[in-house]
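Take a walk through this structure with the sequence at hand.

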Amino acid sequence: MGKSRTLNLGTGAFVLLGFAALFFLTTQTTSRGLPFMSPPHYDLTAKFDNIGDLKVGSPVSMSGVEIGRVSKIDFDEADFKAVVVLRINARYSQIPTDSDASIYTQGLLGGKFIGLTAGGADTYLKDKDQIDFTQSAFVLESLIGQVLANFTKSKAEAPAAEAAPAAAPADSKAAAKPKAAEKAK
Amino acid sequence: MLRELWDSLNDALEALGAVIQFLLRLIVNTPRALMRFDLISQQIFNSGALSLVIIMLSGLFVGMVLGVQGYELLQRFGSEEALGEAAAIGLVKELGPVVTALLFAGRAGTALASELGLMRATDQISAMEMMAVDPIQRVVVPRFLGGVIAMPLLAAIFSVIGIYGAQLVGVQFMGVDAGSFWSQMRASVALSDINEGIVKSLIFGVACSLIAVYQGYYATPTAEGVGRATTYTVVTSAVVILFLDYLITAAFL
């Protein structure tokens, strides 16, 4: 009897340990956490033209301090914008209504996060409010595309000063002009 | 030449069919074996709790190696904070289930196969049949179920200890910031990654335990036969685990 008792004890301890490990994995290594353990919070929405690779669970920070996380990303078919729901910790309840939200990159090629910059208004954002001033993600590919377009354009312009402006897309031309002129010299 | 190839293909298919038939027999006998939960509990202890030490030690060292290697690689790009993410995803999705299953085949699978093989060799199984005790239900199914239950728990323990090992090297020795280590991990590990790990280890648990009890139950009743059954258990388990791992990974992508 004594033997089977220690045996059952061992089995029980092992199973308990295993489930504790599973519990640790699901709650501590993912952004999920426990629903009843999540701190009080409120939701803000913001619309962006382009969110890059922002993901659900990406941090929301203000002056570099994490104050919340992205809880939902949706697409608004009426104005073709991304709708991002920010879940802000209730401790940070005094965000001015004219604050702006921008999408930044952590490190050179790291993940995206949303940075809020405080405005000067006296009223504060409440639950379900929308942040009106937003700035889209900086998309590396389009920047590289622009640089490449500038490069080919300046090469083409070098021999025949203003003969080949068609190489670059129209919107990058304005920005490209000064650089191209410099290169041509 | 072609004839031999055809024959060996036939043999392989026949063996697969026999194993699947054996699995069906185990499943049919499972409900009645569940009535004797003490037997299953004892097998969970044998396969699981007794494998804990080797699983935990291996997990720690695998995690520490991941920490060192990952740190070396990531610091070249100045993104050593991603170490937590890299180690956690690697462990939870791949290394945890696969290495645990390989160790399980070596530690518990061989024990199961040689135990059943010796029972066969010393006529204990025939004796049970004589006494109208179904050996499948009394001996084989509890061992099989014990392995199936133990494996996901062992894999989860392996992953947690491995993450601790990576954290030990990365944060304590190499000086990666602890906050960004954990926050990057949390931001990038999804619940689906963990589910994938659990599904993998469950399937590996079924495969490993099935191979072990099959080899043991049908071992040739000689000293040599028991030895061969043990060897085949490890070899077949290793190949099947890695093959299944590829299949499951491809299915989850």
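Where is the place of A:Lys128 in chain A? A:Lys128 sits in the loop between β6 (112-117) and β7 (129-131) of chain A. Bear in mind that this is a predicted model. The backbone of A:Lys128 stands out: its phi is positive, about 70 degrees, although the residue is not a glycine. Is A:Lys128 buried or exposed? The count of other C-beta atoms within 10 Å is 10. A residue with 12 or fewer is exposed, so A:Lys128 is exposed.

B:Ala132 has a positive phi of about 60 degrees, and it is not a glycine. Look for B:Ala132 in the loop between α5 (124-130) and α6 (135-173) of chain B. B:Ala132 counts as exposed because it has 6 C-beta neighbours inside 10 Å.

Now bring the two chains together.

Next, the helices within chain B. Start with α4 (residues 83-121) and α8 (residues 191-217) of chain B. Their axes lie 8 Å apart, and the helices pack at an angle of about 15 degrees. Angles under 35 degrees count as roughly parallel, so α4(B) is roughly parallel to α8(B). The crossing of this pair is right-handed. The contact of α4(B) with α8(B) has 16 nonpolar, nine polar and six charged residues.

A second pair in chain B is α2 (residues 37-47) with α6(B). At what angle do their axes cross? The angle is roughly 55 degrees, and the axes come within 8 Å. That angle makes α2(B) oblique to α6(B). The crossing of α2(B) with α6(B) is right-handed. From α2(B), the contact uses B:Leu39, B:Ile40, B:Gln43, B:Ile44, B:Asn46 and B:Ser47. From α6(B), the contact residues include B:Pro142, B:Arg143, B:Leu145, B:Gly146 and B:Gly147. B:Ile149 and B:Ala150 of α6(B) take part as well. By class, the contact of α2(B) with α6(B) has seven nonpolar, five polar and one charged residues.

How values were computed
Residues numbered from 1 in each chain as written. Chains lettered and ligands numbered in written order. Predicted model: local features only at pLDDT ≥ 70, side-chain atom pairs only at ≥ 80, totals over all residues. Axes fitted to C-alpha atoms, helices over the stretch in contact; angles between N-to-C directions. Helix = DSSP H or I, 4+ residues; strand = E, 2+ residues; numbered from the N terminus. Parallel < 35°, antiparallel > 145°, perpendicular 65-115°, else oblique. Left-handed = near helix turned anticlockwise from the far one by under 90°. Nonpolar A, V, L, I, M, F, W, Y, C, P; charged D, E, K, R; others polar. Buried ≥ 20, exposed ≤ 12 C-beta atoms within 10 Å, placed from the backbone. Contact = placed C-beta atoms within 7 Å.
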